[in-house]
Amino acid sequence: SVWPQLTAKPRRLPLILLACLLLGLVGFAQYLYLPLRAQTGAAWVYGEPGTLAGLWDQFIGTEAGQYIGAPASLLGNFLMVNGVLITDLTLPGLVMGLFGLALAARTPRHRHAAVTLILSALMSYAFHVLVYSDVLVALILPVTLSCAFGWLFLGDWLLVSAVRPVESGLYWRYSRATLIALPALLGLLALVLITANKPFIDGLTQDTTGLETIALARQAPADSTLMIAWGSRHFAVGLAKDVLDELPGIQLVDHKADFAAIERDGRLITPAFTFYDRPLDWWQAQFDTPIYPDVVAPELIEIHRADAADFVDSATYCAENLTEDEDCSGIVADTVLDCHADQIWLVADWIALSQPQRDLSVFVHLLDSSGAIIAQADQSAPVYGFYPTTLWQSGEVVRDIYALPHLPEAASIRYGLYYQTASGGFENVLESEVELHCDEG
């Protein structure tokens, strides 16, 4: 017990308490690393620990604040936490762990350790059930760790219960049944845990998202800045760039960067998946002028300000490129083919000769020699569905790239724009076809 040590010399009690407080504060010294890392310009810095407000946000875990408080359903929280524990340990494993802790608490030689583990588990469990509406992996760990020690205590109890003295009384010997049963029980528990958690482990160890994101980053234009929001994809590209020394000439930033300054001084690129969490409105809020997205490579979007976007004079374009019989009020396309070993890119410059009055979708079909569709790259709107045509301005040129598989039987690509009518049908407003000549260059 600590209390007798504290009260042994009452006059020194304030000094002892002060020393204990200082020792406790040593545990928080690791937070000093955060602002030091930010000030040295480290590549991966989460949040804004270089400021007092940012450091305080990380210290108190502001990002988890939405989960702290009385849960909407105490029963629901209780079932959720228990479900996580059962998933991690299995129900038999959880019961065996708790039983082992209870036995150890009744055993003098294990009592202090068992009580410490039980209190640690109870505090973590109570926090998750009563004041936290999610499961925080780092804080649920004391429960699983305590249960794991419960297995050890249970094994120790079984061994102690199974020993018997040899005739001389100087040493003990385990029964043959114990030597067989205990390893068999541990092996069975390990097999159950492996079987139960294998899908989760496979999902982590075989996830190709990081490799796919690195491959995507390799297509970014040279001397461009690639924005990938903080998370596993950002870490993967950061690893390739800063640790593996790949992606030369590409700068990597996260969602806190000064995008207006980046775009003003160079090229700002982001993957198409960024727009699911940060749509066009979010990007617009980062700039003081209108912005325009273009596709620079499959699944990579470039963000332009108004003065850097591509526009044409509609009247001049019509006079130079269209006949008198052709419509000079819709959307036209200038296209080229870019052939690769495994893909064919249809690079389309959509040109709005006037401001579009309806949202149009895109169809891109790869055809064989008989005209049958063998692959397609349709989109609900240009730029992977994130830039509806009603947002375009007159004269605006929107570059898009549609990747199709490079199949030996492919003969042509049919593409165009369409809309859905009130009756549910589809009406094409632009349709064209281009023959494939990839073998020629």
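A few ground rules before you click. You are looking at a predicted model, where local features need pLDDT of at least 70 and side-chain atom pairs count only at pLDDT 80 or more, while totals for chains, interfaces and linings use all residues. Residues are numbered from 1 along each chain as its sequence is written, and side-chain values use heavy atoms, with hydrogens and water left out.

**Stop 1: the cavity**

Select Met96, Trp151, Leu154, Gly155, Leu158, Leu182, Leu185, Leu186 and Leu189, which line the largest cavity. On a 1 Å grid over the protein atoms alone, a cavity is a set of points where a 1.4 Å probe fits but cannot get out; lining residues have an atom within 4 Å of a point. Grid points are joined across faces, edges and corners, and a volume is the space filled by probe spheres set on the points. Now colour helix H8 (137-162) and helix H9 (176-205): each supplies at least two residues of this lining. (Helices are DSSP runs of H or I with at least four residues, strands are runs of E with at least two, and both are numbered from the N terminus.) The lining has eight nonpolar residues, one polar and no charged. Here Ala, Val, Leu, Ile, Met, Phe, Trp, Tyr, Cys and Pro count as nonpolar, Asp, Glu, Lys and Arg as charged, and the others, Gly among them, as polar.

**Stop 2: a link to helix H8**

Stay with H8 and show arginine 109 and aspartate 156. They form a salt bridge, with the closest N and O atoms 2.5 Å apart; the term means a side-chain nitrogen of Lys or Arg within 4 Å of a carboxyl oxygen of Asp or Glu. Arginine 109 sits in the loop between helix H6 (91-105) and helix H7 (111-131) and aspartate 156 in helix H8, so the pair ties together parts that are 47 residues apart in sequence. Arginine 109 is exposed at 55% relative accessible area, and aspartate 156 is partly exposed at 24%. (Buried is under 20%, exposed over 50%, partly exposed in between, with a 1.4 Å probe and protein chains only.) The whole structure has nine salt bridges.

**Stop 3: a three-stranded sheet**

Next, pick out the open sheet whose strands run in the order S8-S9-S12, with antiparallel pairing. Two strands pair if DSSP finds at least two bridges between them. S8 and S12 are the edge strands, each pairing on one side only. Nine bridges join S9 to S12. To see the two facing each other, select leucine 346, which stands opposite tyrosine 402 in S12.

Then show aspartate 349 and arginine 399, whose side chains meet in a salt bridge (2.7 Å, N to O). Aspartate 349 belongs to strand S9 (residues 343-352) and arginine 399 to strand S12 (residues 397-405), so this pair ties together parts that are 50 residues apart in sequence. Aspartate 349 is buried at 17%, whereas arginine 399 is partly exposed at 38%.

**Stop 4: the largest pocket**

Finish with Asp327, Ser329, Gly330, Ile331 and Val429, which lie nearest the centre of the largest pocket, among 16 lining residues. A pocket is an open set of grid points with protein on both sides within 12 Å along at least five of seven lines. Its volume is about 290 Å³. Strand S8 (331-339) and strand S14 (426-435) each give two or more residues to the lining.
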